[in-house]
Amino acid sequence: MMQQVLNYIGGKLGPAAGGQWLEGHAPGEGRVFTHIADSDRQDVDRAVEAATQALPGWMALGRKRRHDALMRVADLVERDLALFAAAESRDNGKPLHLAMEVDVPRAIANLRFFATAILHWESEAHLTDDEAVNYTDRQAVGVAGCISPWNLPLYLFTWKVAPALATGCTVVAKPSELTPLTTHMLAERCIEAGFPPGVLNIVQGTGPKVGAAITEHPAIPAISFTGGTATGARIAATAAPMFKKLSLELGGKNAVLVFADCDFEEMLKETVRSSFSNQGQICLCGSRILVERSLYPRFRAAFVERVKALRVGDPGEQSTDIGAVVSEAHLNKVLSHVALAKEEGGTLLCGGDQVRLGGPLAQGWYMAPTVIEGLGPGCRTNQEEIFGPVVTIQPFDTEEEALQAANGTRYGLASVLWTADGRRMHRMARQLKSGIVWVNCWMLRDLRTPFGGMKHSGVGREGGREALRFFTEPRNVCIKL
Ligand code: NDP
């Protein structure tokens with residue numbers, strides 16, 4: 001029996017109104033294993049209607065009871081963590097242990113973090129010289145549209161939906177059609193938890209049909225989107241003349257800057273992780289590794305040796321480091337970037353090819369982790385987002401040169417800096433044009449911090465109070481005493 005991935009509208013699971021289905025693939029096996037509701041505008045309209053009807057009741061419920069409802073859902077996801085992780089791994093191709101240790105625990109943490117954050121969120125007030133008191137009243141913005149990508153499916157879905165719901169918004173959400181299975185399971189847990197109908201609505205289907213209908217819907221005043229920069233630009237063009245609030249978390253081309261004084265072993269271990277975690281399909285992965293010239297030969301040898309030792313294999317196996325990439329189309333796109341790198345004069349130090357596994361995984365979409373050298377900062381390989389298991393390494397001589405290369409792309413999401421020099425940490429951190437600078441670490445996340453990119457990596461910030469602000473409308477109330 002094929003697993004069905006259904007819409008969740010008005011508290012009920014069901015197929016798309018038009019009766020159409022999409023095929024969902026298991027990337028590790030390269031075969032269809034789900035049928036996904038192929039929704040369209042009429043399903044989005046129904047979801048918006050349900051969300052609009054549920055809005056006054058959900059807002060009036062108050063923070064404490066919204067907190068309780070979100071916590072009940074989080075508890076059920078935690079109870080079924082292993083089931084969620086297995087589904088995420090099969091739907092996305094990522095190693096099961098990564099889903100067990102990162103994706104699903106973080107989804108649970110997102111729900112709990114925003115459920116509790118809302119309890120402790122205060123608004124501002126001050127007295128003026130004119131004997132007036134001003135306070136800021138923040139109310140839910142209304143029905144929020146949340147659109148999320150395939151790389152960290154439930155993790156990024158809950159990262160948007162949880163703060164929206166905590167503030168009192170009702171939600172119409174769309175996961176990526178490539179990896180929707182865990183959102184269907186989340187909907188089942190919402191029903192089990194007695195979540196009020198219409199508060200969270202999930203419309204399954206494609207970006208051009210469902211995503212566009214959400215973006216264009218006049219009754220949705222705020223859109224929170226994570227995905228590619230080109231899609232973000234399309235959404236911004238639609239939303240701007242409608243004066244919608246927009247939060248856009250887009251692509252990246254993150255630089256890793258390695259200075260000779262760093263803790264070499266720690267840097268090496270973390271740089272392998274920041275390059276190839278989730279098959280390099282994390283917007284925060286470092287894809288351009290810049291190494292101080294005196295350290296370059298040692299780094300190059302040790303890094304390539306470690307990368308060659310990574311095990312590409314069955315996502316279900318504990319020993320697997322690199323699972324499958326998300327789709328055949330994406331695999332071909334990543335391979336085309338490797339071909340481009342060769343055309344541009346790059347040298348492959350390892351990887352570069354598809355990996356064929358045996359047995360039931362023979363049709364899966366696997367790729368060897370790839371390291372390229374010999375390319376300058378301006379070439380397309382070092383400018384365009386690849387979003388796969390491919391990194392370049394380049395030597396640099398001075399801090400200025402490293403900064404120029406690091407900042408020399410249209411993206412500005414994250415940077416990683418490896419150095420033992422405290423002054424350099426601050427000096428460089430201030431000059432790196434990215435929304436996040438990790439120093440001597442990578443992906444060390446605290447949910448209170450502002451998260452987002454500069455330049456073409458996005459507009460606005462998520463996380464902590466920033467997310468609560470986004471999903472609320474601040475109003476000034478001025479009372480003359
Ligand atoms: P896409 O931009 O292709 O898709 C993201 C989401 O938008 C999907 O749900 C997609 O639906 C939907 N979508 C597609 N077209 C439209 C449209 N016209 N209107 C509205 N929605 C639409 O990105 P990917 O899913 O390929 O994700 C990878 C990208 O996401 C990378 O560029 C990566 O850097 C970025 N990303 C950024 C992060 C950040 O925090 N800055 C974090 C994670 C990823 P469907 O897939 O069903 O077509």
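Reader: In which strand does threonine 136 lie?

Author: The model is a predicted one. Residues 132-140 form a strand, and threonine 136 lies in it. That strand is β7.

Reader: Is threonine 136 buried or exposed?

Author: A residue is called buried under 20% relative accessible area. Threonine 136 has a relative accessibility of 17%, so threonine 136 counts as buried.

Reader: Which residues does threonine 136 touch, not counting those up to four places away in sequence?

Author: Contact here means heavy atoms within 4.5 Å. With residues up to four places away in sequence left out, threonine 136 touches Ser123, Glu124, Pro474 and Arg475.

Reader: Where is threonine 370, and is it buried or exposed?

Author: Threonine 370 is found in strand β18, which covers residues 370-373. Its relative accessible area is 0%, so threonine 370 is buried.

Reader: Which backbone nitrogen does the side chain of threonine 370 reach?

Author: Not counting residues up to four places away in sequence, threonine 370 touches residues including Cys350, Gly351 and Gly352. Phe276, Val338 and Pro389 are also among the residues it touches. At 2.7 Å, its side chain reaches the backbone nitrogen of glycine 352.

Reader: Turning to the ligand, which residues around it come nearest?

Author: There are 32 residues around the ligand. The ligand itself sits in the largest pocket. The residues that come nearest are Lys174, Thr231, Leu250, Cys283 and Glu385.

Reader: How much of the accessible area of the ligand does the protein cover?

Author: An oxygen atom of the ligand is 2.7 Å from an N or O atom in the side chain of lysine 174. Polar backbone atoms also come up to ligand oxygen: one of glycine 228 at 2.8 Å, and one of glycine 205 at 3.4 Å. On its own the ligand has 900 Å² of accessible area, and the protein covers 88%.

Reader: Which element supplies the largest share of the shell around the ligand?

Author: Three elements, α7 (207-216), β11 (222-226) and α8 (229-239), each supply at least two residues of that shell. The largest share is four residues, and it comes from α7.

Reader: Which residue caps the N-terminal end of α7?

Author: The cap is made by a side-chain oxygen that lies 3.4 Å from the backbone nitrogen of lysine 209. The residue that carries this oxygen is threonine 206.

Reader: What are the buried residues of α7?

Author: The cover over the buried residues of α7 includes α1 (41-61), β8 (143-147), β9 (170-174), β11 and α8. The buried residues themselves are Val210, Gly211, Ala213, Ile214 and Thr215.

Reader: Which residues does aspartate 38 touch, not counting those up to four places away in sequence?

Author: Aspartate 38 is found in the loop between β5 (31-37) and α1. At 11% relative accessibility, aspartate 38 counts as buried. Leaving out residues up to four places away in sequence, aspartate 38 touches Ala16, Gln20, Trp21, Leu22, Gln204, Thr206 and Lys209.

Reader: What distance separates the C-alpha atoms of aspartate 38 and threonine 472?

Author: Along the chain, aspartate 38 and threonine 472 are 434 residues apart.

Reader: Is phenylalanine 243 buried or exposed?

Author: Phenylalanine 243 lies in the loop between α8 and β12 (245-249). Its phi is near 55°, a positive value in a residue other than glycine. Exposed means over 50% relative accessible area. At 76% relative accessibility, phenylalanine 243 therefore counts as exposed.

Reader: And methionine 443, is it buried or exposed?

Author: Methionine 443 has its place in the loop between β22 (436-439) and β23 (454-455). Phi of methionine 443 is near 60°, a positive value in a residue other than glycine. With a relative accessible area of 18%, methionine 443 is buried.

Reader: Leaving aside neighbours within four places in sequence, which residues is alanine 405 in contact with?

Author: Alanine 405 lies in helix α12, residues 399-407. Its relative accessible area is 11%, so alanine 405 is buried. With its neighbours within four places in sequence left aside, alanine 405 is in contact with Arg288, Leu290 and Pro377.

Conventions: Residues numbered from 1 in each chain as written. Predicted model: local features only at pLDDT ≥ 70, side-chain atom pairs only at ≥ 80, totals over all residues. Heavy atoms only, no water. Buried < 20%, exposed > 50% of the residue type's maximum accessible area, 1.4 Å probe, protein only. Near = heavy atom within 4 Å. Polar contact = N/O pair within 3.5 Å; in protein donor to acceptor, adjacent residues only side chain to side chain. Areas by Shrake-Rupley, 256 points an atom, 1.4 Å probe, with all protein chains shown as cover. 1 Å grid on protein atoms, 1.4 Å probe; cavity = no way out; pocket = protein on both sides within 12 Å on 5 of 7 lines; lining within 4 Å. Sits in = over half its atoms within 2 Å of the grid points.
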